[in-house]
Amino acid sequence: VLYNGIDIDEKIQYIPKTAFLEKYKINYNGELLVGIAARLDKVKDHETFIRAAKEALDVNPDILFLIAGEGDEKKKLEEMVKSYGIEKNIYFLGFVKDKYSFFNAIDLNVLTSISESFPYVILEAALLNVPTVSTKTGGIPEIIKDDYTGYLFKVGKEKQLARNILSLYDDRDKLKNLGENIKIEVVERYSHISMGERQTEIYEEILRGEKNENN
């Protein structure tokens, strides 16, 4: 299996956290910032993200949720947020071109997808020491390991996601450790270098097999 590789030698450019939040008119006073970067499509299941936000905010209102992305589900999701009365805590940012500024601004990355292969946003967030809480789908469990590089939850289980968010709100040392661990994991196993090395190994394996067959 060949996973996505990310260029770890690329110079990452981003604006300061305060500048990013000001740019999107986010009223920030030190709250935990939880973000999701995905097109607003049913397969990304933002409804679970919003339901989890409601669950978490019922317990602790000191959390802000940022949604980066555009799509057909936007109006429906905005109405959902309004029906829950949590508009002050959830921000729809639209398409965010400056992805690394987004990941630099948030404390925790979330994916609620119903299905995925191996999403790049996990790697991009990891380069800025931001851990991910994600649905257990596709190749995601290869990099998200519970209590080490982040947390996994079952598709559609907003209560489980809300519990993960609240536990990390209460344990910032754990949040920091998860971020450090996932960055190390990405650099060691999912860089463009390690991906290239893995490809070379596969080709050499094939060539050895062909040579043995010919003999």
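I began with strand β4 (residues 108-111), which runs parallel to strand β5 (residues 132-135) and is joined to it by 3 bridges. For me, two strands pair if DSSP finds at least two bridges between them. Helices (H or I, at least four residues) and strands (E, at least two) are DSSP runs, numbered from the N terminus.

A note on the source: this is a predicted model, where local features need pLDDT of at least 70, side-chain atom pairs count only at pLDDT 80 or more, and totals for chains, interfaces and linings use all residues. Residues are numbered from 1 along each chain as its sequence is written, and side-chain values use heavy atoms, with hydrogens and water left out.

Next I looked up who faces whom: Asn109 stands opposite Thr132 in β5. On to β6 (residues 150-153), which is parallel to β5 and joined to it by 4 bridges. There I found Tyr151 as the bridge partner of Val133.

Then I checked the pocket, an open set of points on a 1 Å grid over the protein atoms alone, where a 1.4 Å probe fits, with protein on both sides within 12 Å along at least five of seven lines; lining residues have an atom within 4 Å of a point. Which residues lie nearest the centre of the largest pocket? I noted Ala37, Ala38, Ala68, Phe95 and Val96, out of 14 lining residues. The elements that give two or more residues to this lining are α4 (99-105) and α5. Helix α4 gives the most, with 3 residues.
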